[in-house]
Amino acid sequence: MTTPSILTINGGSSSIRFAVYEAGESPRRRLDGRIDRIGLSGTDLIVHNPAGESQAPRHLVAANHRTAVGFLLGWLEAQPVFASVKAVGHRVVHGMKHSEPERVTPKLLAELHRITPYAPDHLPREIGLIEAFRQRHPKLPQVVCFDTAFHRTMPRVAKLLPIPRRFAAKGVERYGFHGLSYTYLMEELGRLDPAATQGRVILAHLGNGASLAAVRHGKSVDTSMGFTPTAGLVMSTRTGDLDPGLVYYLARTER
């Protein structure tokens, strides 16, 4: 009897990462890979086997995200392991007030469409992935895990932005991101030193996008990112926090 598996998907602005895990108390990775540089030159599908060994990159022409998604679904469906996939889990960058993973429903999809202005570089692509699976495999359950959920425990003072309060009623507040990464870090810390998770912890997510989080008693109390993932630390293509006066100065002196 084939062991049920879960397909995990992380759709970024110019990449799609995926992995298939055998379901169980200790999930075992059976396949993983990524499509990089979508919409750019040198778009490749790179796949690793269970031993972590890379197969030869497969070049593809992916002028846009939709083309890449179609190619990836066709490739996955041709893999023997796909027959064991019983559910799909998606990383979704923004969940507004959602604090837990949720199963995809028409109502949730409609809400994600409505909040796309909060993450215009990511949400449309993530929604496109979800809808592509729904179209080709309508009976396959899908679950979304929100990158903002970890920070819903922040106190109100950490969520407020220093702007008129009427904007807070419209959902304009500090959300924080990289929540799935921080959840994993706290789980690993709990495995290595359970007592430490109940103290004060500073977590760092360092990469092309970077942020810090302050955790107390296992709950997020503050983070460096704010309303969008552009705030906070300096990153590879994001300035992080900048003095607003600098923008005025550059506009005035450099036209």
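Modeller: A crossing of two helices is left-handed if the near helix is turned anticlockwise from the far one by less than a right angle, and right-handed if clockwise. Helices are DSSP runs of H or I with at least four residues, and strands are runs of E with at least two, numbered from the N terminus. The model is predicted, with local features requiring pLDDT of at least 70 and side-chain atom pairs pLDDT 80 or more, while totals for chains, interfaces and linings use all residues. Residues are numbered from 1 along each chain as its sequence is written, and side-chain values use heavy atoms, without hydrogens and water.

Colleague: Which hand has the crossing of α2 and α3?

Modeller: α2 passes α3 in a left-handed crossing.

Colleague: What makes α2 and α3 roughly parallel or roughly antiparallel?

Modeller: Their axes come within 10 Å and cross at roughly 155°. Axes are lines fitted to C-alpha atoms, for helices over the stretch in contact, and angles run from 0 to 180 degrees between N-to-C directions. Angles under 35 degrees count as roughly parallel, over 145 as roughly antiparallel, 65 to 115 as roughly perpendicular and the rest as oblique. α2 and α3 are therefore roughly antiparallel.

Colleague: What is the term for the arrangement of α1 and α3?

Modeller: Helix α1 (residues 65-77) packs against α3 at an angle of about 40°, with the axes 10 Å apart. That value makes α1 oblique to α3. Their crossing is right-handed.

Colleague: Which residues in α2 meet α3?

Modeller: Contact means heavy atoms within 4.5 Å. By that criterion P106, L109, L112 and H113 in α2 meet L123, I127, I130, E131 and R134 in α3.

Colleague: Why is the aromatic pair of Y175 and F227 called tilted?

Modeller: Rings of Phe, Tyr and Trp (its six-membered ring) pair if their centres lie within 6.5 Å; planes under 30 degrees apart count as stacked, over 60 as edge-to-face and the rest as tilted. The search of the whole structure finds four aromatic pairs. Y175 and F227 have centres 6.5 Å apart and planes at 40°, and are tilted.
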